[in-house]
Amino acid sequence: MGKEVLIVIDVQNAVMENAYQCEEKITNMNRAIHRAREKQIPVIYVQHEYPEGPMKRGAEGWQLHPDLEKPLEQDAVIFKTVPNAFVQTSLKKTLDKVEAGHLFICGAQTDYCVDSTSRGAFDHGYRVTLISDAHTTCSNEHLTAEQIIVHTQHTLTNFWSETTTIDLKSSHELGWEKVK
């Protein structure tokens, strides 16, 4: 079945600038991070980057949001340039190293990198749990952020194969030890 791993995607200043329920979502991400660490579940941070602009490595917009629990020495940090964190990165190799089988995913943006990475994980045969109250996005000209989140969760939880699924759990329902 494989070990559990928490993946925190793109919780960066530029990404979170207009994010829906930013403070609440980061609180829930931090809850998941603290619980994972207490249970000794590996935590992997993913950061998006572009060659120029606010998402250039080292730029203020590229930095992790100041309210997010920062990576510790034992946490892996993966840098990516496309929405799916499995593409042209060391994520799969990192997951293989810890013998991962079940990925818990949170972060931003729901309709881009969270969705793409969840689908990538499914395609690689991982069991996926999208932490329902710990991912966010921004409204666009067609849909509100809340509509995007509901639609994405509905779509992803209808993925199924004989060997894996994508399900939803809130940060309060992870089944991990509660924070003291």
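Predicted model: local features only at pLDDT ≥ 70, side-chain atom pairs only at ≥ 80, totals over all residues.
The largest pocket holds about 200 Å³ of space. Its lining counts 13 residues, and Val15, His48, Tyr50, Gln109 and Cys113 sit closest to the centre. Two elements each give two or more residues to this lining: helix H1 (13–16) and helix H4 (110–123).

| Class in pocket lining | Residues |
|---|---|
| Nonpolar | 9 residues |
| Polar | 3 residues |

**Cores**

The largest nonpolar core has 25 residues. Inside this core, Leu6, Val8, Met16, Leu68 and Ile131 have the most contacts. Elements giving it two or more residues are strand E1 (3–9), H1, helix H2 (22–38), strand E2 (43–48), strand E4 (100–108) and strand E5 (127–136). H2 supplies the largest share, 6 residues.

Leu68 shows how one of these members is packed. Leaving out residues up to four places away in sequence, Leu68 touches Val8, Val11, Ile26, Met29, Asn30, Ile33 and Tyr45.

A second core is separate and has 22 residues, among them Cys113, Tyr126, Leu130 and Ile166. Cys113 is also one of the residues closest to the centre of the largest pocket.

**Helix H4**

Which residues of H4 are buried? They are Thr110, Cys113, Val114, Asp115, Thr117, Ser118, Gly120, Ala121 and Phe122. An α-helix has 3.6 residues a turn, so residues three or four places apart point the same way. Just after H4 comes Gly125, with a positive phi of about 90 degrees.

Key
Residues numbered from 1 in each chain as written. Heavy atoms only, no water. 1 Å grid on protein atoms, 1.4 Å probe; cavity = no way out; pocket = protein on both sides within 12 Å on 5 of 7 lines; lining within 4 Å. Points joined across faces, edges and corners; volume = space filled by probe spheres on them. Helix = DSSP H or I, 4+ residues; strand = E, 2+ residues; numbered from the N terminus. Nonpolar A, V, L, I, M, F, W, Y, C, P; charged D, E, K, R; others polar. Core = buried A, V, L, I, M, F, W, Y, C linked by side-chain atoms within 4.5 Å. Buried < 20%, exposed > 50% of the residue type's maximum accessible area, 1.4 Å probe, protein only. Contact = heavy atoms within 4.5 Å.
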